[in-house]
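Biologist: I would like to go through this structure with you, one topic at a time. Please keep the answers plain.
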Amino acid sequence: MKITSLRNGASLRTGVLTASALAVGLTGATAALAEWKPNRPVELVVSAGPGGGSDIFTRVVQAALTKNKLVETPLIVVNKPGGSGSEAFNYAEDNVGSPYKVYFGTQDAYVLPLGTKVNYAMKDLTPVASMVFDVFILWSNPKASGINTAQEFVAKAKENPGKVRVAGAKAKDADETVVTLMERAAGIDLAYIPYKSGSEAAIQVAGGHIEANTNNPSESLEQWKAGNQKPLCVFTSARLTDKTVVADGMSWADIPTCVEAGIDVKDFVQPRTVWMAADVPPEAVAYYTELMKKAMETPEFKDYTTRNVQITKFMAGDELKTFLAEQTKNYEKIYADNNWLLPASQ
Amino acid sequence: MGNFGQLMDGFVVALTMHHVMIMVIGVLLGLVVGVLPGLGAPNGVSLLLPLTFTMDPIAAIILLTSMYWGALFGGSTTSILFNIPGEPSSVATTFDGHPMAKQGEAVRALTLAFGSAGFGAMVGVVVITLLSGWVANFALQFGSPEYFAVYFMAFASFIGMAGGSPFKTLVCIMLGLAVGTVGMDTISGEGRLTFGITQLTNGISFLIVVIGLFGIGELLLTIDEGYKFEGVKAKLSLRVILRTLAELPRYWVTLLRSALIGCWMGITPGGPTAASFMSYALGRRFSRRGKYFGKGEPEGIVAPETADHSAGSCALLPMLALGVPGSATAAVMMGGLMIWGLSPGPMLFTTRPDFVWGLIASMYLGNVIAVVLVLATVPIFAWILRAPFTVVGPLIAIICLIGAYTVSNHIFDIWVALAFGLVGYVFKKLDYPLAPFVLAVVLGDKAEDAFRQSMLSSGGSLSVFFEGSLVATMMGIGILLLSLPLLTALFGGLFRRGAEEGQTSRP
C-alpha cells in the first residue's frame, strides 16, 4: 500500500514539473529552473548534537562546499538533537516551504516515527539525496575475550546464552537493531548493553570489560591499530573494497561478511540522508540535489568517505524514493518483530 | 625523558608568532563566550569550528583550546560578580566568590579565582606531560562499575561533608536526581518524566537549571531583601591584584589538594564540574577555616577553581589518547579533529607527535596568556559593579534569559529557567542547600547509567562493585567518606562540637 502511494506521489510531482516546464518552455524561462540560487544564508540542520556522526557528516559537507566555493551564501550548521533528532524534523514542519533550510540525518528521519511519538510525519519532509552508507562491523577484543572470528563469537554465545555482552550506542537505535537481527539470524541470545556513544562502547571492549560491540569502522579504527579490538565480520552483502592494510596485515577488504561467517544479516547499513521541508520549490530541490552531488566530488568529501570506510552511492529522485519506501518497510518489520512499534501504530 | 624532548619539540611548534597570536585571539573570544552564561565553551567552540576548516590542524586546535581556556576563566567572572555561573564547572565558585564580592572584595575574589585557576591548569598540563602514556592505559581499565565508583565517591564526599541538616541535604539530592531523570533514558530508550511535552524529551539542560537557580534566584532574593552589594568599595588598583597574588602561596595545602582532586577527576570520567564540587566539599571539611566556607572565605574560591582547571586540562587527555570526549567541549573538538583529517585514539601520539605535543605545549602558553589577559579584565568588571542596582539588576535578568535561550535556541528553556529561579528563591528562603541539588542534577543521570550498565553486564549481581582491586578501593574510599561525619560524631563529638555548631547555624 505504502509503496504504491509513494510511487503515485512521485509520478504526480514529476508530472507537474514537466507540465509547468512545458508551459513556460516557450517563453525561455526553463533556464530559471536550473538557475535557482540561495540569496541569503542557508541553515544546515543536523538531527544530532555536536561531535556525533551526523554532525561531522554535515560539517564535512559545509567545509567541502565553502572551501571549494560551490556556494556563494554562508552555510550555517544548526544542531537540533532534541527527542533523538526528531527536533530537527519538527523544525522542518515549522518551516514548510523554506528553501533556506536543508536537513541532514540518517535513517532516523523515517525510523523515528515508528517507535516514538514525534511531532512530524514523513509528509513534512521532501527527500533530497542519500549520499553515502556507513557500514557496521562486529568487533571483539581478542586478548580479553579469546574471540578471534565470528564463528567463535557465535559458538561462545551458544554455550552461554544471554551471557555474551555486546555494547552499542543508545537503546533501540541502529546498534541494538543489528544485534537483534544477529540474534535471530544465528539463533543466539546476547546481552545488549547501551552506552551514550559508539566510541564509549568501543572503549569498553578495548578495555576488556565487554566481549563485543557493533560500530562504524572509524569509531574502532584506532583501537584496531592499537591491537585492542579486532573486526569479526561486516554487515554487508559484499566485502568492503579498501585494500590498504590497517593492522595485523589485514585490510578492510579482508574482513569477511557476516553472511560468509554464518550470520545471515546482509546490508545493514546506515544511509547519510539529506532532506528539505514539504512544499519547497522544485527548482530549489533540484539545486540542492546538484549541490550535494558536487560536494561528493570534492577532495574533502572523498577524504571523509575513505577515512570512514563508507560505501559511496548517490541517490536522488525516484531511486531515492523507492529506496526509502523499501527501508521503511524493512524497519517496520524489524520493529514489529522486536515489539518496539508505537502502541498506536501496532 | 622522551616526553620532555617531545615537549621541547612541541614548544618549537607552538612558539611561533602566528600561533601565539592565535592563542591571544582564542583566549579573548573564550572570555567573551565564558562571561555570557549559556553560550558557554561547547557552543563557542562549535561556532568557531567552520573558521578552522581552512587552517592547518595545529593552528586550529590551538585556537579551539585557547578559546576553551578563555571560557573556563570567563565563567568564574560572572559567578563571582553576579552569582551566575558562566560555565557549569564554576557553580562551586559562587558559594564563596559571590559573598566576597558582596562584601566589597570583588577584585580580591576575582584575582584569587584566576590565580588558583592558573595554578590548577598548570598542574594539569604537567600531569599530561609526564603521564600521557600511562594515563591512556589507566583510563582503559575503567568499565561501568569503575565509572559508578567514581561518581559514588563524588556523591559520598559531598553528602558526608555537607553542613546543615542532613534531612534537607537528602531532600535536595532526591529532587536533583528527579530533575536529572527527565528525558530520554539511555538504557531503555524511553522518555521519562516528560509529561508528554516534547521539549522535555531531550532532558533539562544543566546550564539552564544553574542559570535559573543561581542567577534568577539571586535576583529575586535581592529584590526581596534589598540591595546589599558593596561594589562601590571595590578598589581597582593594581596593588590589590598584586597583593592578592602574593597571598596565594599561603593556601598551598588547599591548592595542592584541589589540584590532585582535579587531576584525578579529569583523568577518570568525573569531569571538571564534579571535581570542583568535590574539592569544595573536601576543602570545607579539612580546612581549619572550614566553618567560614559559604560566607566569603578565600579558600572557598581557591578549592573549586584549582580543581576545575586541573580537571579541565586533564580531561583533554582521554580525548586525545582514547577518542572518548571527557566533556561537551571535548566532543566538539573531537569532531573538529576528524574533519581536519586526524583520528583521535591511542595511535595519534605515534602518528602525529607534532600535533599532540604542539597542543600540549600550547596549553602551557595558552594558560599563561589566559591568566594575564583575564587579570587585565578585572578592573573593567569592577567598574561594572559600581553601577547602581537599577542598572545591574535588569542587566543580570537579560543576561540570564538570553543565556537560557542560547543553550539550544529554545523559547521553552526560558520558562524552565524562570521556574528554576523560583525554586532557587524558595530553597534559599527555606535554607535548603543548593549544592547537593546541583550535584545530583549533574551526576545523577551518569551515575544511574553506569549503575544499570554494570547490573546488565553482571547479570544483576552487586558484587561487581567489589571484585576488581581498582573498583573496590574506590568504593571503599567512597563509603569511608560517606560515614566520616558519623565516625567523627561518634569518636570526636566532644572536640568538634563547637565547629559543628558553626556550620549548622546559618542565617
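Biologist: In what sense do strand S4 and strand S12 of chain A pair, and over how many bridges?
Modeller: The model is predicted. In it, strand S4 (residues 125-135) and strand S12 (residues 269-277) of chain A are antiparallel partners, joined over 9 bridges.
Biologist: Which residue stands opposite Ala129(A)?
Modeller: Ala129(A) faces Val274(A), which lies in S12(A).
Biologist: And what sheet do the strands form?
Modeller: An open sheet of 6 strands in chain A, ordered S2-S1-S3-S12-S4-S13, with mixed pairing. At its edges are strand S2 (75-79) and strand S13 (311-315) of chain A, each of which pairs on one side only. From one strand to the next, the twist averages 20°.

Biologist: Changing topic to chain B: how many helices and strands does chain B have?
Modeller: Chain B contains 20 helices and 2 strands.
Biologist: What is its radius of gyration, and what would a compact globule have?
Modeller: Chain B has a radius of gyration of 22 Å. This agrees with a compact globule, because one with 507 residues would have a value near 23 Å. Along the principal axes, the C-alpha atoms of chain B fill a box of roughly 60 × 60 × 50 Å.
Biologist: What percentage of chain B is buried?
Modeller: Buried residues account for 60% of the 507 residues in chain B. As for its contacts between residues at least 6 apart in sequence, 79% join residues at least 24 apart.

Biologist: Which residues touch the most other members of the largest nonpolar core?
Modeller: That core has 263 residues, and those touching the most other members are Val128(A), Tyr151(B), Ala154(B), Phe277(B), Met278(B) and Val438(B). Helix H5 (residues 91-140) of chain B gives the most to this core, namely 24 residues. From chain A, at least three residues come from each of domain 1 (19-133 + 270-345) and domain 2 (137-254). In soluble globular proteins, nonpolar side chains tend to be buried together.
Biologist: Taking Met278(B), what is it in contact with beyond its neighbours within four places in sequence?
Modeller: Met278(B) contacts Ala154(B), Ser157(B), Phe158(B), Ile261(B) and Met265(B).

Biologist: Finally, how many residues does the contact take from chain A and from chain B?
Modeller: It takes 38 residues from chain A and 37 residues from chain B. On the side of chain B that touches chain A, helix H3 (40-52), helix H14 (328-339) and helix H19 (434-458) each supply at least two residues.
Biologist: Which helix gives the largest share of that side of chain B?
Modeller: H14(B) does, with 6 residues.

How values were computed:
Residues numbered from 1 in each chain as written. Chains lettered and ligands numbered in written order. Predicted model: local features only at pLDDT ≥ 70, side-chain atom pairs only at ≥ 80, totals over all residues. Pairing = 2+ DSSP bridges. Helix = DSSP H or I, 4+ residues; strand = E, 2+ residues; numbered from the N terminus. Axes fitted to C-alpha atoms, helices over the stretch in contact; angles between N-to-C directions. Rg over C-alpha atoms; globule rule 2.2 N^0.38 Å. Buried ≥ 20, exposed ≤ 12 C-beta atoms within 10 Å, placed from the backbone. Contact = placed C-beta atoms within 7 Å. Core = buried A, V, L, I, M, F, W, Y, C linked by C-beta atoms within 7 Å. Domains from an automatic or database assignment.
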